Every structure is written in structure tokens, then in C-alpha cells.
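The points begin with the contact between the chains and then turn to each chain.

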Amino acid sequence: MIVDCDRHVAVRDYAELNPYMTESWRRHFERDEFMGSVREAAAHVRMTDRFGDEVDVGSPPGPDVDLSLSVSHQGLTINGWSDQVAAKTFVEALNSYAEEHWSDDQARKAAVVVNANDPVWSAEVIRRRARSGRFGAVALPLIPTLMGVDSFDPIYAAAVEVGLPVVAHFSGVEGHYLGAPSLGGGVHGTAFARAALMPQLAETNITSLCLGGTFETFPDLRVLFSGFGFGWLPSLLWRLDREWRTFRHDVPWVKRPPSEYVLESIWLTTWPAAESSAEWGSLFSEDALRGRVVFGSHDPFDGDSVETLRTVLGQDAEEVLANGAAVLGPVVGAGV
Amino acid sequence: MTVATPNRLPLVDCDVHPMYERLEDLLPYMSSAWRRHFEDRGVRPYARARDRYNHPNKTFRVDALPGSGGAAGSDRDHTLATHIEPFNIASALLLPQQPYGVTAWGDAAAANAFTAANNDFFREFWVDYDDRFTLAVTVSPHDPAAAAAEIRRHAGQPGVVAVQLLLLDRMMGDSSFDPIYEAACEANLPVAVHQSGSEGCYYSSQTVAGGVPRSYGERHVVLTQVGAANVVDMIVNGVFERFPELRVVMVEWGFSWLAPLLARMDLFWQRDPGAAPRVGKLPGEYVRKHFTFTTQPLDELETREEWDALFAPEGLDRMLLFSSDYPHYDTDDPNFVIRSRIPADIREAVCFGNAVETFGPQVLRSVR
């Protein structure tokens with residue numbers, strides 16, 4: 001079985017969203033600069049300013065993939081927007097488009113994009129969208145409020161209620177656009193540096209989820225960190241447990257070593273798998289840790305093919321290719 | 001004075017924090033105008049916003065409090081008696097921590113006056129007092145030209161073996177640091193960077209990724225990111241192409257994150273070298289040539305497999321320096337770490353070999 005948990009989809013033209021907006025919002029968005037940026041963002045996760053590469057965004061996964069999850073990176077980029085009302089309108093139009101074009105009743109699922117700046121609204125969207133059976137996850141654009149902060153509880157409650165995992169994937173404007181989360185240190189002037197440091201967003205949010213007690217409140221919550229790689233996870237878990245041992249009296253709501261929450265409730269996608277081949281060989285021998293790693297091609301952006309994964313992980317690849325079934329869970333798994 | 005014995009390695013402890021006891025200790029090293037300024041207005045000699053990230057207990061070891069009543073680390077004889085002598089430390093790299101406070105100051109001239117007075121005080125009262133003390137003279141990036149002048153003022157002085165560079169929000173790869181790196185190379189001193197406590201506290205600070213951690217411990221889990229980010233930034237911005245002799249000592253930022261980070265950088269650079277035009281070779285090669293990392297806080301691992309993996313990355317044997325972080329709450333015990341944790345085949349390098357490579361033979365000036 002092959003499960004691809006990290007595919008990207010985009011509209012080529014803003015006008016494709018017109019049917020899903022009111023006339024007044026259509027007019028609001030019908031501006032050259034906005035429409036241009038939507039077009040540009042179709043061609044690249046917004047990591048760089050080098051837009052325009054022709055990639056086949058939105059193509060279905062290959063025939064060898066049994067189950068897939070697609071995320072609209074255009075939706076994720078609302079974490080760099082200033083107008084949160086417009087942002088909600090935009091992602092809802094994308095969600096409607098996704099329901100019709102990027103998912104089906106069987107094995108091809110899209111993530112419903114919400115707005116982390118409005119958890120109550122987001123919870124309503126999750127409950128409403130889940131009824132279609134066409135969404136496989138909730139995509140939470142990252143904002144500077146860390147994921148373990150309890151203002152996100154309405155989102156997690158809704159996700160657990162409808163049985164969908166929450167997926168966190170960078171939009172690419174992190175560390176760059178005001179209002180999106182920073183990266184470590186200070187200002188990073190190059191896309192290369194930002195790409196190199198992007199896994200830090202997952203580190204901090206995993207830490208926040210564990211030490212914030214989120215999984216004590218929502219033991220059935222499943223969270224997928226996608227596009228961040230996984231080789232850094234053992235190092236993070238060592239630090240996380242050490243700090244908990246030192247300061248556990250300061251976080252009495254954390255009942256167990258934080259790594260235990262990670263090993264039960266958090267998953268990571270593989271892309272770019274080649275960077276983690278050494279760690280996979282030396283540190284991912286236990287089943288509990290291996291089970292955290294799920295195949296995510298990141299297609300069509302410099303993605304890893306199934307064959308790439310087999311080359312990097314050797315005979316272990318089949319296990320990782322199938323692991324995604326656990327995070328996508330029973331709702332979509334039933335359709336396979 | 002230490003004499004190396006045949007069956008005991010000379011130990012260089014690359015992270016020991018001394019403190020002045022009272023502000024009055026520094027006043028002789030200031031102009032009368034700055035004396036009046038600091039006497040009138042006082043000094044906040046710590047950087048962490050304590051109302052924001054308050055330590056749940058104490059930041060120092062209670063047994064490091066000297067009987068004299070001063071702060072932990074403020075009595076040189078107590079440090080000698082309770083840390084240097086019991087562990088037979090041949091050289092303790094002093095990283096004064098009170099200057100970290102200036103990372104929260106907006107006044108560049110005041111920051112320079114304060115750090116300069118600290119440098120003079122610790123040279124005279126600690127470094128000149130016992131040759132097992134060696135010093136990293138502290139400079140602030142508020143005014144890089146002034147920082148460069150401060151480095152030159154101490155260049156070549158006995159016991160001065162490094163520059164302790166403080167950080168504001170600007171990343172270490174920024175060309176505004178060039179005068180500092182130029183002076184450090186000219187003086188043949190490595191640049192040491194230690195967390196100041198200001199990280200994640202102020203607009204003028206370095207920060208962790210993602211947002212605002214809730215507590216001291218939560219922040220501490222990811223504080224390593226600041227060190228990692230500056231490693232990346234220096235490479236991407238071509239610092240080592242401009243300063244091929246520059247050496248950088250990353251103190252208390254951990255090192256278990258290094259191998260995955262370098263693998264990622266190397267992979268991205270191989271795929272698209274044009275994205276980092278100031279990088280002339282594999283990023284990992286710069287790190288192995290120019291950086292060292294201190295051991296404390298050593299990760300606490302459970303399995304043999306994990307320990308083997310921790311020390312396995314290519315070139316790490318040449319990049320690790322022993323450190324204790326005395327007198328802080330999470331001091332690593334030298335005997336335990338060296339005998340039970342550092343692999344036998346790299347023990348000599350970690351105890352002193354890499355330190356001599358990094359700081360030069362003067363770091364072992366106490367060994368005859």
C-alpha cells in the first residue's frame with residue numbers, strides 16, 4: 001500500500017474561484033496584483049521569489065499511489081495576509097474548489113484549509129466541510145501563536161469530533177512576511193537559509209503541543225507536520241524529555257515524558273528524504289519512532305518519487321510508504 | 001598552576017561564568033562620566049526578561065554560592081576551590097555573563113563602556129590572578145567599529161584567548177560584523193557565541209522559530225535554533241569566503257541538531273547552488289573547518305545506539321570542546337561526562353586537543 005501525505009494543488013487562475021464567492025468579494029479580489037500573485041503562487045510553494053516555473057500543479061497522484069492527501073499551498077499563504085476576513089473568504093472558496101476538483105469519495109483527499117487567526121470560525125468550517133467525506137485533513141496555516149496555545153482548542157475539538165488529523169505545512173512566507181511566524185535567529189535574507197531552517201517551525205510547534213498539554217486535552221488528536229523532513233526528530237525528543245525532567249514541576253499538566261505524546265499523536269512526512277538517510281539508518285530502529293515517518297512526495301515541487309524513497313530507505317521504504325494510513329485514519333482509510 | 005600528569009588529560013573547560021560582585025568593582029575601569037552614569041542610573045546586568053521567562057528554581061547551583069555572600073561565580077577562590085581544582089581543570093575559558101545585559105540596552109556607548117570595564121576587571125582580577133583562567137573578551141555589536149577597537153585593545157594580552165561576541169537581532173552573516181571578524185582574525189582570536197538570555201524576549205533580540213514559547217523550559221528546548229540559524233547565516237552569506245581564517249566557537253547551543261541541518265544544507269546546495277551564490281563549496285565543509293561546539297548540555301540518551309549516533313557525524317571528533325557551564329543549574333559534571341559519555345577515541349581531542357587547535361597553545365598556559 002502506498003499513501004502519499006504531501007501533495008500540492010493550486011488554482012492556475014484566480015477566476016477559477018469566482019463561482020465560490022459573492023459578487024462583492026469577486027470584485028474585491030479582481031485586482032491585477034492579487035490575481036498575479038495567485039498565478040505566481042500556483043507555480044511554487046512560496047519559498048522563493050522565483051515564480052513562474054511551469055509545474056503540473058494539481059495533477060492526480062500516479063497509479064501506484066493508493067491514498068493521497070493534497071494541500072493547497074495558496075491557502076496556506078494566508079499566514080502572510082493582513083486582511084483576515086479576506087483570507088477566510090479566499091480559503092473557503094479554495095475549500096469549495098477542492099471539494100469538487102481535488103478530492104473524491106475514495107482515495108484522493110484534500111485538506112480543508114482554515115484560518116488559525118479565527119479558531120471558532122475554523123471549527124465551524126471543519127464540521128461543515130467534513131460532512132462531504134471528501135476532506136482528509138485540516139490544514140492549519142502557521143501563525144506566531146504556537147500550536148499548543150489553548151486558543152486553538154476549538155479547532156482541535158472539531159478535528160477530533162470529525163476524525164480528521166491536523167496538518168501543519170509551511171506556506172513559504174515564514175521568516176519573511178510580517179505576521180507569519182519567524183524562523184530562528186533574526187531576519188534571513190535568502191530563500192536558501194529559510195528553506196534550511198524551516199524544520200525549526202515544526203520543532204517549536206511540537207514542543208508547544210507537548211508542553212502545552214494539548215494531547216492531555218485531546219488524546220485522540222492526530223497532527224501531521226508536513227514538508228519539514230524528519231531527521232531532526234530524535235535530537236528534539238532528547239531535548240524535550242530532558243527539559244521536562246528538569247522543569248516538570250513547572251508544567252504539571254504534562255503527565256508523561258513529552259516524547260510519548262509525539263510517539264502516539266504526531267507524524268512527519270519524508271520530503272526531502274535524502275537529507276535523512278543517515279538518521280534513518282542510525283536512529284530510527286524502534287517501531288514507535290519508525291511509525292512516525294510517513295511518505296510525503298511534496299509533488300510537484302522538487303518532490304520525492306516512490307522510487308526515490310525506495311532508493312533512500314531501501315527495504316524499509318515499503319513500511320514508510322504505508323505508514324500514512326495511520327495518520328489519515330479511519331475516515332479516509334475506509335474508502336481504500 | 002597545573003602540571004599535566006601522564007595518566008590524566010589536561011582539561012580545558014570552555015564555558016565557565018565568572019561574575020563581578022558589585023558594580024563598584026567595575027568603576028575604576030570607567031571614565032568619570034560613565035562612572036556617574038552607572039552610579040546614578042544603575043545597571044541591569046542580565047538579559048533575560050525575568051518577568052517573561054522566569055526560571056522555575058534558580059539559574060545557579062546553590063553549592064556555587066561563595067561563603068562571602070556574593071553571587072555564584074563572583075568569588076574567584078571559590079571557583080578555584082570548588083570547580084577548577086577538584087576536576088583538575090587546566091584552563092577555564094571565562095565567559096562573563098553580566099555583559100549579556102547589554103543585549104537589552106539601546107545605548108551603544110553605554111554598552112561599550114560596560115563591556116570594556118568588564119574586560120579590564122576580569123583580566124586583572126581573574127586572568128592575572130591564576131593562569132588556569134583564560135578569558136574571552138566581550139564585545140557588543142551595537143557599534144562594530146568600537147567592538148573591533150576593543151578586540152585590538154586586548155589582542156596579544158596574556159590569557160586572552162577568544163572574543164565573546166554578543167548578539168542583537170542582526171544575524172552573524174551580516175556584513176556589519178565584518179570589522180569584528182577582521183579584528184578577531186588579525187588578533188588570531190576565535191569568536192565565541194553564547195546564549196545571552198535575551199533570545200525571544202525583545203524586538204532587538206535573536207528569537208526562536210515559530211512564535212513565543214510559553215515557559216522557561218519550553219523556550220529552552222528550542223533555544224538551540226538560534227545557534228543553528230547563525231551557523232546557516234554565516235555560511236549562506238559567505239563569511240568564511242571573506243574571512244578564511246575565522247574560527248567560531250558555539251557555546252551551549254548543543255550539537256545533536258548539527259548533522260541533520262548539514263545534511264539538509266548540503267542537499268539543497270547540491271540541488272541548486274545558484275540559490276546560495278556566496279557559498280563556494282558544500283556547506284558542511286565550512287562548518288567542519290571553521291566551527292567548534294561545546295558539549296554542555298550534553299543530551300541525555302538511553303541506548304548505546306543513540307550514543308553511537310550522537311558522536312558519529314563526519315568531523316565531529318574535531319569540532320567538540322568540553323564545557324561544564326559552571327556555576328549554572330545545569331552544569332555538566334566533568335568526570336561523569338568525560339569518563340562515561342565521551343567516547344574513548346575522541347576523549348583527548350574533546351578534553352584539550354580541539355581547544356588547542358581552536359584557541360592556540362596559550363589556552364594551556366598553566367601547563368608546563
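1. The structure is a predicted model. In the contact, chain A contributes 50 residues and chain B contributes 49 residues.

2. Several helices of chain A take part in the side that touches chain B. At least two residues of that side come from each of α7 (191-197), α8 (199-211), α10 (233-247) and α12 (277-283) of chain A.

3. The side of chain A that touches chain B can also be sorted by residue class: 22 of its residues are nonpolar, 21 are polar and seven are charged.

4. Chain A has 15 helices and eight strands. Its C-alpha trace spans about 55 × 45 × 45 Å along the principal axes. The radius of gyration of chain A is 19 Å; because a compact globule of 336 residues would have a value near 20 Å, the two agree.

5. Of the 336 residues of chain A, 58% count as buried. When contacts in chain A between residues at least 6 apart in sequence are considered, 80% of them join residues at least 24 apart.

6. Chain B contains 13 helices and eight strands. Its C-alpha atoms occupy a box of roughly 60 × 45 × 45 Å, taken along the principal axes. For 368 residues, a compact globule would have a radius of gyration near 21 Å, so the 20 Å of chain B agrees with that expectation.

7. In chain B, 55% of the 368 residues count as buried. Of the contacts in chain B between residues at least 6 apart in sequence, 80% link residues at least 24 apart.

Key:
Residues are numbered from 1 along each chain as its sequence is written. Chains are lettered from A and ligands numbered from 1 in the order in which they are written. This is a predicted model: local features need pLDDT of at least 70, side-chain atom pairs count only at pLDDT 80 or more; totals for chains, interfaces and linings use all residues. Helices (H or I, at least four residues) and strands (E, at least two) are DSSP runs, numbered from the N terminus. The radius of gyration is taken over C-alpha atoms; the globule rule is 2.2 Å times the number of residues to the power 0.38. A residue is buried if 20 or more other C-beta atoms lie within 10 Å of its own, exposed if 12 or fewer, and partly exposed in between; C-beta atoms are placed from the backbone. Two residues are in contact if their C-beta atoms, placed from the backbone, lie within 7 Å. Ala, Val, Leu, Ile, Met, Phe, Trp, Tyr, Cys and Pro count as nonpolar, Asp, Glu, Lys and Arg as charged, and the others, Gly among them, as polar.
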